[in-house]
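These are my notebook entries on one structure. I set down what I looked up and how each term was defined.

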Amino acid sequence: MPHAREAAATTRPPARHGPERPLPRKKRTTRSGLRRSVPWWFLLPALTLYLYVVLAPSLQGAGYAFTDWTGLGTPASFIGLENFRKSLGDPDARDALWQTLLVTVVITVVQNVIGLLLALGVNSRIRSRNVLRVLFFAPAVMTPVVTAYLWRYLYAPEGAFNTALETLGLGSLTQNWLGDPDLALWSVAAIVIWQFSGYSMVIFLAGLQGVPRELHEAAGVDGAGAFQRFWHITRPLLAPATTINLMLSMIGGFKLFDQVYVTTGGGPGHATETLSTLIYKNAFQFDEYAYSTALAVFLAVVVAVVSAGQYRGLQRQKGMP
Amino acid sequence: MRRYTARTALLESVMVLAGLVFAFPIYVLVNLSVRGADDASSPVAPTLSPTLANYAEAWRAAGLASALANSVAVTVLSALVIIIVSAMAAYPLARATGRWPRWAFLLFALGLLLPAQLGMIPLYQSMRDLGLLGSVWSLVLFYCGLQVPFSVFLYTGFLRAVPAEYEDAAAVDGCGPVRAFFSVVLPLLRPVTGTVAILNAIFIWNDFLTPLLYLSGSSQQTVPVAVFQFVGQYVADWQLVFAGLVISVVPILAAYFLMQKRIIRGFAGGLKG
């Protein structure tokens with residue numbers, strides 16, 4: 001099995017002694033007693049780039065959130081929590097936050113359920129498993145702008161979905177997918193789910209490869225059904241993959257921008273507005289710089305809380321025997 | 001080894017059906033892109049007299065040649081810089097003794113939590129003050145800084161699990177730390193370098209918002225921005241638009257199909273940290 005060995009070699013460092021043994025603490029000196037000298041200045045290029053592009057602007061942005069700056073050259077003055085107070089009373093912001101939460105929950109749940117089912121399906125004995133695995137993952141590498149345009153056409157009133165429904169004799173199910181305010185958000189969510197279910201599948205598959213077949217066979221001998229075997233054997237062993245998948249799809253959901261911007265621009269009305277599109281509009285279309293950074297601080301807090309919670313969950317799992 | 005039973009056959013047909021559902025959007029994309037303007041049949045029906053005329057027209061009208069060149073340049077250059085600076089940073093983070101490497105690592109990890117929107121506007125202004133707006137260099141600079149935390153994270157996690165004996169042996173033989181890094185550590189990092197390269201390259205190639213901001217109003221474009229403007233111009237001419245969309249995803253899909261094992265592994269393995 002050359003491929004399997006190669007696969008193991010790439011996700012795991014070479015020359016590691018035994019897969020499960022905890023690594024020895026870092027040694028301060030080498031065996032021969034030499035003090036190892038590590039050039040600390042190796043950090044500098046990465047640190048400089050990181051400071052300039054991420055840290056400094058983020059701090060500055062967080063600072064603007066407490067001012068009334070419009071970005072038009074007028075000096076900013078400190079207004080405390082006014083922008084945050086404004087965002088609480090702003091119906092657009094409230095809608096955007098609610099819709100962002102809603103779409104995130106739906107994407108996270110549906111994408112991972114589909115991803116898990118696909119992973120279980122292609123992890124079986126079926127002959128088409130390799131072709132299907134490549135096919136299911138393909139949308140995940142495609143440019144979101146391109147897939148969003150493709151779907152905008154599929155969703156058009158005379159587009160492929162409605163035509164296909166009519167061809168199948170289901171003309172009564174045709175919809176104005178992106179034009180109906182009650183439906184548009186779910187139509188956008190479907191694009192994301194189609195594109196990234198394969199991504200969830202790939203991570204679940206990596207987890208499934210760590211589930212020993214003997215356990216399944218032993219449980220089968222003991223009379224456990226397929227669902228019982230999944231629930232009591234596979235599911236607990238998939239916990240790390242599940243955590244990573246939940247974290248990725250939640251963060252992706254909170255930051256949802258490309259698909260909304262391209263298909264609906266946040267409309268009809270504000271029906272598909274998300275925090276990211278609202279931040280973009282306030283900053284670059286309405287010249288409400290300070291207000292938009294306050295919304296961005298809000299998004300940062302939401303993302304940080306979710307990631308930190310997930311990260312702790314992951315650490316706990318790693319600590320378990 | 002279990003045999004191919006009736007239940008396997010049932011599962012196979014369900015999965016193939018799911019595959020067809022997944023492939024449907026891509027089928028429509030390709031099907032319409034090869035269709036002449038006078039063909040008014042259903043978008044679901046196969047095109048009977050395919051033509052490549054739309055491709056020629058879209059290639060010309062969308063200015064995709066220069067956009068592809070820009071995207072390739074930005075992606076390759078950024079990925080190279082990211083790989084070198086992140087691997088370098090990971091070396092002291094994984095090997096140095098004392099307390100500071102831990103704090104420095106946490107500082108980088110903070111970058112994983114900050115959403116890009118927070119610094120978007122101040123960074124835009126500071127790029128403007130440097131005169132970088134409208135130039136692809138602003139993108140290279142941006143991606144390098146943005147992707148450093150994630151890449152450092154992967155490299156450090158990997159390097160911590162690599163025993164230091166190789167470097168120690170090199171040191172005993174009189175090899176300096178800089179040379180030890182480039183001729184001993186960097187080659188050992190090759191598996192994770194593949195993952196870092198793939199994840200970064202795909203992210204950079206596909207990113208839309210950043211070039212939309214930094215290149216707007218200039219003649220420079222990357223592929224997603226070129227597609228965006230092209231669709232804006234020819235919004236009703238879907239056959240033409242779809243040919244443009246196909247051209248713009250062919251490079252990344254070709255790379256994917258050629259290296260699918262490696263790429264799928266990169267996505268699955270890169271996140272184990």
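How are α11(B) and α12(B) oriented to each other? I first noted that this is a predicted model, in which local features need pLDDT of at least 70 and side-chain atom pairs count only at pLDDT 80 or more, while totals for chains, interfaces and linings use all residues. Residues are numbered from 1 along each chain as its sequence is written, with chains lettered from A and ligands numbered from 1 in the order in which they are written.

**Entry 1: the helix pair.** I looked up helix α11 (residues 223–233) and helix α12 (residues 238–258) of chain B, which pack at an angle of about 180 degrees with their axes 10 Å apart. The two helices are therefore roughly antiparallel to each other (angles under 35 degrees count as roughly parallel, over 145 as roughly antiparallel, 65 to 115 as roughly perpendicular and the rest as oblique). Axes are lines fitted to C-alpha atoms, for helices over the stretch in contact, and angles run from 0 to 180 degrees between N-to-C directions. Helices (H or I, at least four residues) and strands (E, at least two) are DSSP runs numbered from the N terminus.

On the α11(B) side I found B:Val223, B:Val227, B:Phe230 and B:Val231, which meet B:Val241, B:Gly244, B:Leu245 and B:Ser248 of α12(B). This contact comprises 6 nonpolar, 2 polar and no charged residues (Ala, Val, Leu, Ile, Met, Phe, Trp, Tyr, Cys and Pro count as nonpolar, Asp, Glu, Lys and Arg as charged, and the others, Gly among them, as polar).

**Entry 2: B:Leu245.** Leaving aside neighbours within four places in sequence, I listed the contacts of B:Leu245 as A:Val146, A:Tyr149, A:Leu150, B:Leu29 and B:Val227 (contact requires C-beta atoms, placed from the backbone, within 7 Å). B:Leu245 and A:Tyr149 are also among the residues with the most contacts inside the largest nonpolar core, which has 173 residues.

**Entry 3: the interface.** I recorded 86 residues of chain B in contact with 87 residues of chain A. Helix α1 (residues 6–33) of chain B gives the largest share of the chain B side, 12 residues. That side divides into 65 nonpolar, 15 polar and 6 charged residues.

**Entry 4: the annotated domain.** The unreviewed UniProt entry places "domain: ABC transmembrane type-1" at residues 68–259 of chain B. Over this span I read 81% helix and 0% strand, with the end C-alpha atoms 20 Å apart.

**Entry 5: a loop residue.** I located A:Gly80 in the loop between α2 (44–64) and α3 (82–89) of chain A. The C-alpha atoms of A:Gly80 and A:Trp40 are separated by 40 Å.

Conventions:
UniProt positions renumbered as here; feature names shortened; annotations may be inferred. Contact = placed C-beta atoms within 7 Å. Core = buried A, V, L, I, M, F, W, Y, C linked by C-beta atoms within 7 Å. Buried ≥ 20, exposed ≤ 12 C-beta atoms within 10 Å, placed from the backbone.
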